[in-house]
Amino acid sequence: MPEGKIIKALSGFYYVAHEGSITQCRGRGVFRKNKITPLVGDYVVFQAENETDGYILEVGERKNELVRPPIANVDQAILVFSAVEPDFSTTLLDRFLTLIEFNLIEPIICISKIDLIPETRLSDIQAYAADYEKMGYRVIFTSTTMQDSIDRLWPLLQNKVSVVAGQSGVGKSSLLNQLRPELALKTSGISSHLGRGKHTTRHVELIEVGAGLVADTPGFSSLDFTDMGVEDLTDCFPEFKLRKHACKFRGCTHLAEPKCAVKAAVESGEIPSYRYEHYTQFVQEIRDRKPRY
Ligand SMILES: Nc1nc2c(ncn2[C@@H]2O[C@H](COP(=O)(O)OP(=O)(O)OP(=O)(O)O)[C@@H](O)[C@H]2O)c(=O)[nH]1
Ligand SMILES: [Zn+2]
């Protein structure tokens, strides 16, 4: 039986890509019984009835699964943060990074709208970029006015399933449009009756960008730490994870424990203090969370 990947779901049909062609498939009744809903991004085994139609027989195990947009097996998140309008915020960036790490997704930090940075803010933004690079993150600067920024993003998408994420107005749709101009996604600046209304998109689709696939709908609209415990949180900060073996106590939460390598690194300035502050803030948030029944 052929295997493929669902690249689009619409009105009960799943569009399965396999060796360069697309088969329009229905799920088998057995899925409904077992509560399996195939998702865009799923690897599936299918049976072709003819050249264009078929049935999905089996859904492969997922490495992760997002709720909004509903998509499975995401490799990478293009995290768009504008330098200005809205202003760059490390608090929000750390929140996104934590959730992305928790979902086993690799982030790429895109600092957008760099054409709008005033001279006085430039060194701040560059210092933040250097901090995040030191933690091991890839940081790129982008602008709709500079095609070369997109050219730098392009090769990073190869052989990956990527989603674009970030708060409202940072330029996610603009970035997707730059990657695939024929998408003509509506951006806040331009009102076009031809472009699809951004809030009317009911389906999600993986679109080919070079040798990679990118979700046409931005992800991570909910930013709370549901399902995450404090012990999960420590590993979502790569520079903490790197040092945890040097902490005196196994399972150190880097809070009140003595001889903590993370706190030592914060004190010596190796870890930026804002990262540690955000960490403690998120810990508090998780602890204050109402228990769910
Ligand atoms: N100067 C400048 N403006 C930009 C850039 N990128 C986006 N914009 C503008 O910023 C505004 C918001 O851009 P969008 O692409 O709609 O942002 P979005 O993140 O998709 O916003 P939501 O759909 O609300 O989530 C629009 O007016 C864009 O034209 C950029 O690199 N430079
Ligand atoms: Zn510690």
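**A barrel, a sheet and what packs around them**

Reader: Happy to look at this with you; which residue of β4 is the bridge partner of E3?
Author: In this predicted model, E3 falls in strand β1, residues 3-10. Strand β1 runs antiparallel to β4 (residues 43-48), and 3 bridges join the two. Across from E3, the bridge partner in β4 is V45.

Reader: In what order do the strands of the closed barrel run?
Author: The barrel has 5 strands, with mixed pairing. From one strand to the next, the twist averages 55°. The closed order runs β1-β2-β3-β5-β4.

Reader: Let's stay with β1 for a moment: is K8 buried, partly exposed or exposed?
Author: K8 has its place in strand β1. Its contacts, leaving out residues up to four places away in sequence, are Y15, V40, H203, E205 and L206. Being buried would take 20 or more C-beta atoms within 10 Å. K8 has 18 such neighbours, so it counts as partly exposed.

Reader: How far apart in space are K8 and I71, C-alpha to C-alpha?
Author: In sequence, K8 and I71 are 63 residues apart. From C-alpha to C-alpha, their separation in space is 9.6 Å.

Reader: Moving on to the open sheet, which strands stand at its edges?
Author: The open sheet has 6 strands in the order β10-β9-β8-β11-β13-β12, with mixed pairing. An edge strand has a single partner, so one side of it is left without a neighbour in the sheet. The strands in that position are β10 (138-141) and β12 (206-209).

Reader: Which residue of β9 does V80 stand opposite?
Author: Strand β8 (residues 76-82) and strand β9 (residues 106-112) pair in the parallel sense. Their pairing extends over 7 bridges. Along it, V80 stands opposite C110.

Reader: What angle does helix α5 make with β11?
Author: Helix α5 takes in residues 172-179 and packs on the sheet. The strands it touches are β8, β9, β11 (161-165), β12 and β13 (212-215). Its direction and that of β11 make an angle of about 145°.

Reader: How many residues of β11 are buried?
Author: V161, V163 and A165 point one way from β11, while S162 and V164 point the other way, and all are buried. In a regular strand, side chains alternate between the two faces of the sheet. Strand β11 is largely enclosed by the rest of the structure, because its buried residues number 5 of the 5.

Reader: Which residues stand opposite V164 and V161 of β11?
Author: β11 pairs in the parallel sense with β8 over 4 bridges. It also pairs with β13 in the parallel sense, over 2 bridges. V164 stands opposite I78, and V161 stands opposite L213.

Reader: Which helix gives the largest share of the side of domain 2 that touches domain 3?
Author: The domain assignment places domain 2 at 71-215 and domain 3 at 230-288, and their C-alpha centres lie 28 Å apart. At the contact, 9 residues of domain 2 meet 10 residues of domain 3. By class, the domain 2 side has 2 nonpolar, 4 polar and 3 charged residues. The largest share of that side, 6 residues, comes from helix α2.

Reader: What span should the 13 residues of α2 have?
Author: The end C-alpha atoms of α2 are 18 Å apart.

Reader: Last one: what covers the buried residues of α2?
Author: The buried residues of α2 are L93, D94, R95, F96, L97, T98, L99 and I100. Just after the helix, L104 takes a positive phi of about 60°. The cover over the buried residues of α2 includes β8, β9, β11, α6 (230-234) and α9 (273-288).

Note on methods:
Residues numbered from 1 in each chain as written. Chains lettered and ligands numbered in written order. Predicted model: local features only at pLDDT ≥ 70, side-chain atom pairs only at ≥ 80, totals over all residues. Pairing = 2+ DSSP bridges. Contact = placed C-beta atoms within 7 Å. Axes fitted to C-alpha atoms, helices over the stretch in contact; angles between N-to-C directions. Buried ≥ 20, exposed ≤ 12 C-beta atoms within 10 Å, placed from the backbone. Domains from an automatic or database assignment. Nonpolar A, V, L, I, M, F, W, Y, C, P; charged D, E, K, R; others polar. Expected span 1.5 Å × (residues − 1).
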